[in-house]
Amino acid sequence: MTTAIVRPVPKSIALCELTHLERVPIDYDIASAQHRQYVAALRALGCDVVELEEMPDFPDSVFVEDAAVVLDSIAVITRPGAESRRDEVPSVAHALREHRDLRVIEAPGTMDGGDIIVAGRRIFAGLSSRTNDDAIRQLRAIASAFEVVPVTFEGCLHLKSAATMVDGETVLLNPDWVSSEVFGGMQIMEVDPGEPYAANALRIGETILFPAGSPRTRD
C-alpha cells in the first residue's frame, strides 16, 4: 500500500512565500475544500493517508513534499531554501521514520523536494533559488545508486512546476520553462501553451491526479 503524508491548509496560507507570482487574495475556505478533495482522492486510490497536525504559524506547511525526497529504501530530509520553512521539516521526518531510513541534507546545502523528480534510477535535481549545488552534491553522495542529473530551468519556483512524470518513461513539461533535452531518452508530452502550470501532475499507480483548471492539457 502507498503511504501519503499530508498536512491541512493553515489559515495563514495567504502569507505564503512568493517569487514568480503576484500576491493575490487566497480564499482559505476554498483552499481547504480543495485539499479535502485531494485527500479523499488519495484514499479512494488506496493510499494510507497520514495526516500531520496543522502548523498555523507556517503559511507554506501544507506543501509537505518540500521537506523530503523519498526513495526506494531511504528518505532524504531536506533543508528548505526559505529559512522560514525549516521548522516544518522535523514533523515530516518523524512521520517518515516509520517507513524509511533517513539521511539529511546539511548546511550550506539547501533543497526543496519540489525541485526533485525521481524517474527510475535517475534523479533530476532542479537548480533554483531553493536548491543549490551543494545540496545536489550531497544528494549524489547519499543516493549513490542513482544517477543525479542537475537541471536548470526558469519561469517558475520549482522544477516540478515545469515538469512531472506521468508514467515510467513519459515527462509532462512546459517547454518554455525547462528544455526537453534534459530528459534524454524519455517520451515528452508538452502542456497546452495556454496552460503554463499544467505540468503539475501526480501519478498514483495507474492514475494521474490532475488540476481541473487545465482541461486542454488533461485531454
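Which residue in β8 is the bridge partner of Phe124? Val149 is that partner.

## Basis of the model

This is a predicted model, in which local features need pLDDT of at least 70, side-chain atom pairs count only at pLDDT 80 or more, and totals for chains, interfaces and linings use all residues. Residues are numbered from 1 along each chain as its sequence is written, and side-chain values use heavy atoms, with hydrogens and water left out.

## The β7–β8 pair

Strand β7 covers residues 122–127 and runs parallel to β8, with 6 bridges joining them. Between β7 and β8 the chain passes through helix α3 (residues 133–142), and this β-α-β crossover is right-handed. Right-handed means that, with the strands pointing away from the viewer, the path from the first strand over the helix to the second runs clockwise. Helices (H or I, at least four residues) and strands (E, at least two) are DSSP runs, numbered from the N terminus. Two strands pair if DSSP finds at least two bridges between them.

## Nonpolar cores

The largest nonpolar core has 17 residues, and Phe124, Val178 and Phe183 touch the most other members. At least two residues of this core come from each of β6 (116–119), β8 (147–152), α4 (159–162), β9 (163–167) and β10 (170–173). Another core, of 15 residues, lies apart from it; Ile74, Val76, Ile105 and Ile136 are among its members. A nonpolar core is a set of buried Ala, Val, Leu, Ile, Met, Phe, Trp, Tyr and Cys residues joined through side-chain atoms within 4.5 Å. Buried means under 20% relative accessible area (1.4 Å probe, protein chains only).

Phe124 has contacts (heavy atoms within 4.5 Å) beyond four places in sequence, including Val149, Val151, Leu159, Phe183 and Met186.

## The β9-β10-β11 sheet

Three strands form an open, mixed sheet in the order β9-β10-β11. β9 and β11 (187–190) stand at the edges with a single partner strand each, so one side of each has no neighbour in the sheet. The twist averages 30° from one strand to the next, using axes fitted to C-alpha atoms and angles from 0 to 180 degrees between N-to-C directions.

β9 and β10 pair in the antiparallel sense over 4 bridges. Ala163 has Leu173 as its bridge partner in β10. Asn174 sits in the loop between β10 and β11. Asn174 counts as buried because its relative accessibility is 3%. Leaving aside neighbours within four places in sequence, Asn174 contacts Ala162, Val191, Pro196 and Ala199.

## Cysteines

Cys47 is buried at 8% relative accessibility, and Cys156 is buried at 4%. The disulfide count is 0, taking a disulfide as a pair of cysteine sulfur atoms within 2.5 Å.

Note on methods
Buried < 20%, exposed > 50% of the residue type's maximum accessible area, 1.4 Å probe, protein only.
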